[in-house]
Amino acid sequence: TPIVRLEDYRPSDFLIDRVELDVRLHPTQTRIVATLAIRPNPEGRPDAPLVLDGDELNLNSVALDGRVLTGEEFEASPHALTIAQPPRQPFTLTVETEVNPTANTKLMGLYRSSGNYCTQCEAEGFRRITYFLDRPDVLSVYTTRIEAERDEVPVLLGNGNLVESGAADDPNRHYAVWRDPYPKPSYLFALVGGRLGRVAKAFKTMSGREVELAIYVEPGKEDRAGYALDALERSMRWDERVFGREYDLDVFNIVAVSDFNMGAMENKGLNIFNDKYVLASPETATDMDYAHIEAIIAHEYFHNWTGNRVTCRDWFQLCLKEGLTVFRDQEFSSDERSRPVHRIAEVKTLRARQFLEDSSPLAHPVRPTQYREINNFYTATVYEKGAEIVRMLKTIIGADAFRRGMDLYFERCDGTAATVEDFLNAFADVTGRDLSHFARWYEQAGTPRVSVKGHYDEAARTYRLDFAQSTPPTPGQSTKQPMAIPVALGLVSHDGSPLSAACDRVDERGVFLFDKASDTITFAEVSPKPVPSLFRGFSAPVKVSLDLPNEELLVLLRHDTDAFNRWQAAQTVAMRLLVALSTGGSVADAEADAFSAALCSFMGSDAFTDPAFAALVITLPSEADIAQEIGKDVDPDAIHRARSAMRRRIGAGCSQHLRRFYESLADSGPYSPDAASAGRRALRNASLDLLAAADPAEGEALATAQFDSASNMTDRLASLGVLTTLPGQAREDALARFGERYRNEPLVLDKWFTLQAAIPEDETLERVKTLMQHPAFSMANPNRVRSLIGSFAMLNQVQFNRADGAGYRFLASIVLRADELNPQLAARLLTAFSTWRMMENTRRGQAEEALRSIAQKPNLSRDVGDIVSRSLD
Ligand code: B3K
Ligand code: ZN
């Protein structure tokens, strides 16, 4: 398949100013008439043919300025419509196509979900509806007329504002006309038709305009959309307050559908969501679900400015909208919840997904320079590392300059398809700073390693920090340049008393910009010997190695003013112990006990006031995190044993505190998803997990009692999760009751699939295969597949990576099956193999064999073909 390269970008030869779509919905024969106002682009080539993209389209007719074209005047295939000699002045092209939404299992273009019609056009789905210049730098004003059977499809929605609706010529049919006045690329087009319930709320914008907010869901589930609607309103208010951005249409509609390839989609004025990120009730959703709903509602809403009003010139600029919008949704959640707790959660995800990707064969720059299939680049690197770059920029230039730069970016780029350069130039211009070195973050793949050594000179009362950085090679980039790394730092005294220290290399915000291969900074007037607190708030996406003994790190857990680094100190010590235990190194009992004692004293101290934070501190790094830290010749069984042993040790060593938490934090009063209540449940459930590790009988009794009496899904699922770690009849009974109780709740059964797929026992693969026969399971629904099979591959380190290769072979067979229905889903599952090269020899061989068995298959989709070949490279 051809490779698309950033360096080959050239402007489109034609532009399309206006699009009129006339869509007659039909289950198998939906007819689309597109009327396109086209003109040559002054920046394009003067004699170019007109080549419109298509994908699996049936063409009925083509007319140019009203005259039907004969077969000689154009060339059509399912994937392109070419007119060799188009007019050199503006003209109108009318194209009639037909598509089959019921047969569309790829969930790209127009498809059906639970009988309803919906669309997904990003990245290249619009070409599955009509022939088009399906690229983000062609911006058009869209008018959409949708017509359908009134009974079958009572609700008709499009982008923009509703301008007209009524009965069609056929009295059984009706229509609606939607017009979006804002020029947009085709990937932001959407329409929905179906039988849907609705909840709504009026919103007045900061300048006093009335907007109707509405969420459409499966009829009968309206009462589960309230939290999402509230989150939408809070997001809109926040964007006005924090970024000065106001909403710009008369309506904002969100539709929840049950078959969706990703989380949600920011179509202009008509967001379409995976229903798992809309629907919530205390009985069906966990605290984590509520938090995700809030974040994703915000994310898609924020795209209205970062993505829609200012869009991307080409798909290489994807991070321009995604990294920036993730940064914005993270800031929103941090303001609505606890900032340090949210920051820790962000970093855990970044490390688990993006650092992993960066160290895998799939590593790529935040702005890639080439792709075979763009859908494979909606990655943690583009999203999460993309957000970290924006955060670093803000850290380096300061909050005020950051806001001024954003304002200038919006002012300059509104209504355009922009690039990363346009973004950076706005900040360079408001600050007068040269950001060209900083821009390397977009270009260079891989996670930089920073090593730091501290030296205290007692006589001179100086404290010196020696920094060195390097970035390991990644595919296509064998040598690396130093990066511009903002290090937010401070010095902490051993007893927590304030410490004065002066260093002219550290700015007024406490940031040292480390932008060379090595550098040294020295603090004057320091006494006594301090402990350095580096990368406060995780000020840069790097891996740090600091040669400080455990007991000095644990000073930070007690005394650092930076909450992130308090957590990080405990994690670093835990990780050192877990790596040593997993790799056959010796860990003195005294060392492990000292760590456990530090956690106990943390739990017993009044230094923490936020239970959510405490829950994070007492949770050990995951098995996957430990594997990543070890990095080569990984034995997942050894990691599992080491982590279990450590959980037992802490559970036993700190049992008094854990029991106290468990008893005192029980919920009183009705469920509320707010961050403080969620934090209490998190600490209580983390305590239960450790107690159960230390004393399985006590754990089973407590978890069973909690399971029986839980008044909300968070507590019920957490207790079931603890039970899944304890083989036996109690577990099986609880699982059976849960499955029965929620047999008509697919989103809840997804959680049940996930828990079972993650059981670290040899029988699990058979259990997963059996669950595939469950009536609720379907290979056609991405949520079901990801919950059962995705979880097995991504969460179950020991069983996916079985030494006999059965886990790998199973995933390979599922990937091939999924690929026939839904290539994007198949490709996503396949990325579970990205860790294969770090496994020990036997597993590595097994994984390679499984990957080769996929690679060999004829007719792989471009999505799977691309991932498998890069994984093997
Ligand atoms: N922009 C969409 C993702 C589209 C993915 C296409 N394969 C959701 C989001 O990031 O907001
Ligand atoms: Zn996004």
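Author: The questions below go from domains to helices and then to single residues.

Reader: What kind of model is this, and how are residues numbered?

Author: This is a predicted model, in which local features need pLDDT of at least 70 and side-chain atom pairs count only at pLDDT 80 or more, while totals for chains, interfaces and linings use all residues. Chains are lettered from A and ligands numbered from 1 in the order in which they are written, and residues are numbered along each chain as its sequence is written, from 1.

Reader: Into which domains is the protein divided?

Author: Domain bounds come from an automatic or database domain assignment. The division gives domain 1 (311-443), domain 2 (449-540), domain 3 (548-617 + 633-694) and domain 4 (742-873).

Reader: How many residues of domain 2 are in contact with domain 3, and of what kinds are they?

Author: The C-alpha centres of domain 2 and domain 3 lie 27 Å apart. Two residues are in contact if their C-beta atoms, placed from the backbone, lie within 7 Å. Nonpolar here means Ala, Val, Leu, Ile, Met, Phe, Trp, Tyr, Cys and Pro, charged means Asp, Glu, Lys and Arg, and the others, Gly among them, are polar. On the domain 2 side, eight residues are in contact with 10 residues of domain 3, and those of domain 2 divide into three nonpolar, four polar and one charged.

Reader: Which annotation in UniProt covers residues 446-545?

Author: UniProt positions are given in the numbering used here, feature names are shortened, and annotations may be inferred rather than shown by experiment. In the model the span 446-545 is 0% helix and 41% strand, with its end C-alpha atoms 16 Å apart; helices (H or I, at least four residues) and strands (E, at least two) are DSSP runs, numbered from the N terminus. The UniProt annotation, from an unreviewed entry, reads "domain: Peptidase M1 alanyl aminopeptidase Ig-like fold".

Reader: How much helix and strand is in residues 227-440?

Author: UniProt lists this span, in an unreviewed entry, as "domain: Peptidase M1 membrane alanine aminopeptidase". The end C-alpha atoms of residues 227-440 lie 40 Å apart, and the content is 55% helix and 9% strand.

Reader: Where do the buried residues of α11 lie around the helix, and which are they?

Author: The expected span of a helix is 1.5 Å times one less than its number of residues, so the 16 residues of α11 (residues 589-604) should span 22 Å, which agrees with the 22 Å between the end C-alpha atoms. A residue is buried if 20 or more other C-beta atoms lie within 10 Å of its own, exposed if 12 or fewer, and partly exposed in between, with C-beta atoms placed from the backbone. The arc, taken from the directions from the helix axis to the C-beta atoms, is 140° for the buried residues of α11, so they line one face of the helix. They are Ala592, Phe595, Ala598, Leu599, Phe602 and Met603.

Reader: Which residues are exposed on the other side of α11?

Author: The cover over the buried residues of α11 includes α9 (550-559), α10 (563-582), α12 (611-617), α14 (636-653) and α15 (655-664). On the other side of α11, the exposed residues are Asp589, Ala590, Asp593 and Gly604.

Reader: What covers the buried residues of α19?

Author: In α19, the buried residues are Arg731, Ala734 and Phe738. They are on the same side of α19 because they cover an arc of only 70° around the axis. On the other side of α19, Gln729, Glu732, Ala736 and Glu740 are exposed. The cover includes α17 (696-709), α18 (713-724) and α20 (746-757).

Reader: Phe538 and Asn859 both have a positive phi; is each one buried or exposed?

Author: Most residues other than glycine have a negative phi, and most peptide bonds are trans. Phe538, with phi near 55°, has 22 C-beta neighbours inside 10 Å. Asn859, with phi of about 60°, is in the loop between α26 (841-856) and α27 (862-872) and has 7 other C-beta atoms within 10 Å. Phe538 therefore counts as buried, and Asn859 as exposed.

Reader: Which residue does a cis peptide bond join to Ser527?

Author: Omega of this bond is near -5°. The residue lies in the loop between β30 (518-523) and β31 (531-533), and is Pro528.

Reader: How far apart in space are Leu107 and Leu825?

Author: Leu107 lies in the loop between β9 (91-99) and β10 (109-113) and counts as buried, with 24 C-beta neighbours inside 10 Å. In sequence, Leu107 and Leu825 are 718 residues apart. In space, C-alpha to C-alpha, the distance between Leu107 and Leu825 is 9.7 Å.
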